[in-house]
Amino acid sequence: MRSRSRRVTDPCSRERLAQWMFLAPAGAYLLLFFGYPIVKNVVMSFQQYTTTTFYTGDAPFVGLKNYAMILTSDLFPKALVTTLLFTAGSLCGQFVMGLAFALFFQRRFPLGGVLRSLLLLPWLLPLVVSGATWRWMLDPDTGVVNAALRHLHLSPSGVPWLTGTSQALVSVILINIWIGIPFNTAILYGGLQDIPTHLYEAAKLDGAGPLASFRHVTWPLLRPVVSVALVLGVVYTVKVLDIILVVTGGGPANATETLATQSYELSFQQFEFGRGAAMSNVLIVISLAFALVYLRAGRRARNVDEAIS
Amino acid sequence: MKRAPARGWPSTIVGIALLALMLFPVYWMVNASLQPAGNTLQGGWFPSHPDLGGYVTALRDQGRNLVTSLVVALGSVALSLGLAAPAAYALAQFRIRGTNLVLIGILITQMVPGIVVANALYSAYNDLGLLNSYLGLILADSTAGVPFAIIILRAFMRNIPRDIIEAAHLDGAGRLRVFRSVVLPVSRNALITAAVFTFLFTWSDFLFALTLTTTQTVRPITLGIYQYIGAHTNQWNAVMATTVMASVPAAVLLVVAQRYVVAGATGGAIK
């Protein structure tokens, strides 16, 4: 570790005060907009917090009732399974496709750089825009996807992409994969660039084919970046709301309800803020579990980063 | 560093084909936006007779929301950078006890689901009269920008050589002076990266728009699109024209500020 400023170790308080002034505004903001909501959310989850609370200011404490209600509702196990399927499905697809694109763009060919950066577009578009476009493309009667399937005589009657209970979940997963591919490509491509070329040359001299050099050089050295990509993927996917609300609204017959959409609906459609808070706390616990994994993965990635450069 | 041996145009052709497949939805959005009103599927695969009617309708209905989004996004960029830049500098260059704890806290904020923040803010905003206000949205939307900007800026500011900062101190400049006239100018690229992403985060925000605005007065474009879909599913050309206009910042930034976008995509995740 480099030695930083000498004067900061000086206990002289004027200097220290000046330093804290740099941190104070951001610190205050983070406390107000993350600290307060997290605490408030925990408190709310033990209260009967409804529309009337806004008029009377009354929010009686009800103990674990909110948790009991959401955990025993018929929807909870279904939403939990949907969340897991949505997250696992999105992640697998995004990662595999992202890695394939990253490996493809690692070769040098004319226009490669331009094409690689254009690929980022789906990731930069507002989710509502992507959702609206896909909803229009997957419309069972007038959408282009079914039109193409009919045209190619693959499915004369068309697929009920968004109206069939089992197809709708597959549809939102596919859309989310499409959105996530560019991000995975970008960070995996970055990781690939950091692998020293002489390792590939050495592998080649040892007679390794492309598959063997992927297994013995690329994959082990890419591992830290892979774990960062996967963990960030989980953390972002678990809380996805925009896509599902825009494309299916959680339907048909709750087939695409996740914990996140449930939390939104409880709070902002049924105005049961207490139960919505309880549901989102379940979500926080899941996210934080992965956050811990992320911190460990991040540390390993940094070590590799420093070792290479 | 030497890269894999150069290959020729076959790879380019495969690349173009893959990209065409990936970007087809974007093409289809633009195509649909240029079709005449009505059942636009019959309009065909190419907008052979482009019709700007969708845009006229979209601008009439959604023009105001586009302006709202612009105001909120710019406000959020200003607020996020204003808060993040000094903090990032402090975390990068001062030896302050608890720095690691602060950094872990910042990483964790990125994991907090937006719905948790929205849930708590709704009641607080209700009491403070911040629902349906620009300020309320700017403050809430910056929850994405502030932590991200701190991470990006700190990663960059760690690498500012101590010498130039010490030299400025020796010249008699105070901490604030050094920050303003040395640190900020050399951090220009990182500041642009942070600004680009903060703008995109805020422009794309849907959750806070959905939960913290209840009237027409302050309505970002994302919420406008959402409500459009509910009401106008038979006017897809207008809906798609709105989505095209809402995509303009992403497209412009990709072309104009490409290297900052790439820097943010990888830097924010790992560093």
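Guide: First, a cut-off: buried means under 20% relative accessible area, taken with a 1.4 Å probe over protein chains only. Note also that this is a predicted model.

Visitor: What share of the residues in chain B is buried?
Guide: Apply that cut-off to chain B. The chain has 271 residues. The buried share is 59%.

Visitor: How many helices and how many strands does chain B have?
Guide: Read along the sequence, chain B runs α-α-α-α-α-α-α-α-α-α-α-α. Its C-alpha atoms fill a box of roughly 70 × 65 × 30 Å along the principal axes. The count is 12 helices and zero strands.

Visitor: Among contacts in chain B between residues at least 6 apart in sequence, what percentage joins residues at least 24 apart?
Guide: Contact here means heavy atoms within 4.5 Å. For chain B, the percentage joining residues at least 24 apart is 73%.

Visitor: Which residues touch the most other members of the largest nonpolar core?
Guide: That core holds 182 residues. Helix α2 (residues 53-93) of chain B gives the most to it, with 16 residues. The residues touching the most other members are B:Y89, B:Y125, B:I150 and B:L153.

Visitor: Leaving aside neighbours within four places in sequence, which residues are in contact with B:L153?
Guide: B:L153 is one of the residues that touch the most other core members. Beyond four places in sequence, its partners are B:A84, B:A85, B:A88, B:A190, B:L191 and B:A194.

Visitor: How are α7(A) and α1(B) oriented to each other?
Guide: Their axes come within 10 Å and cross at roughly 80°. Angles of 65 to 115 degrees count as roughly perpendicular. Therefore α7(A) and α1(B) are roughly perpendicular.

Visitor: Which residues of α7(A) and α1(B) meet?
Guide: By class, this contact has nine nonpolar residues, one polar and no charged. From α7(A) come A:V129, A:T133, A:W134, A:W136 and A:M137. From α1(B) come B:F24, B:P25, B:W28, B:M29 and B:A32.

Visitor: And how are α1(A) and α7(B) oriented to each other?
Guide: Helix α1 (residues 13-44) of chain A packs on helix α7 (residues 175-186) of chain B at about 40°, with the axes 10 Å apart. Roughly parallel needs an angle under 35 degrees, and roughly perpendicular needs 65 to 115. The pair α1(A) and α7(B) is therefore oblique.

Visitor: Which residues make the contact of α1(A) with α7(B)?
Guide: They divide into three nonpolar, one polar and two charged. On the α1(A) side are A:E15, A:Q19 and A:F22. On the α7(B) side are B:R175, B:L176 and B:F179.

Visitor: Is A:S117 buried or exposed?
Guide: A:S117 sits in helix α5 (residues 112-118) of chain A. Beyond four places in sequence, A:S117 is in contact with B:L254 and B:Q258. Its relative accessibility is 9%, so A:S117 counts as buried.

Visitor: What covers the buried residues of α10(B)?
Guide: In helix α10 (residues 221-231) of chain B, the buried residues are B:I221, B:T222, B:L223, B:G224, B:I225, B:Y228 and B:I229. Chain A elements are included in the cover, namely α7 (127-137) and α12 (242-247). From chain B, the cover includes α2, α8 (188-204), α9 (207-212) and α11 (236-256).

Visitor: Where is A:P252 found, and what kind of peptide bond joins A:G251 to A:P252?
Guide: A:P252 is in the loop between α12 and α13 of chain A. Omega is about -15° for the bond from A:G251. That peptide bond is cis.

Visitor: What is the phi of A:N254?
Guide: A:N254 is also found in the loop between α12 and α13 of chain A. At 31% relative accessibility, A:N254 counts as partly exposed. A:N254 is not a glycine, yet its phi is positive, at about 65°.

Visitor: How far apart in space are A:Q270 and A:T51?
Guide: A:Q270 lies in the loop between α13 (259-268) and α14 (273-308) of chain A. In sequence, A:Q270 and A:T51 are 219 residues apart. C-alpha to C-alpha, the distance is 9.0 Å.

How values were computed
Residues are numbered from 1 along each chain as its sequence is written. Chains are lettered from A and ligands numbered from 1 in the order in which they are written. This is a predicted model: local features need pLDDT of at least 70, side-chain atom pairs count only at pLDDT 80 or more; totals for chains, interfaces and linings use all residues. Side-chain values use heavy atoms; hydrogens and water are left out. Axes are lines fitted to C-alpha atoms, for helices over the stretch in contact, and angles run from 0 to 180 degrees between N-to-C directions. Helices (H or I, at least four residues) and strands (E, at least two) are DSSP runs, numbered from the N terminus. Angles under 35 degrees count as roughly parallel, over 145 as roughly antiparallel, 65 to 115 as roughly perpendicular and the rest as oblique. Ala, Val, Leu, Ile, Met, Phe, Trp, Tyr, Cys and Pro count as nonpolar, Asp, Glu, Lys and Arg as charged, and the others, Gly among them, as polar. A nonpolar core is a set of buried Ala, Val, Leu, Ile, Met, Phe, Trp, Tyr and Cys residues joined through side-chain atoms within 4.5 Å. Buried means under 20% relative accessible area, exposed over 50%, partly exposed in between (1.4 Å probe, protein chains only).
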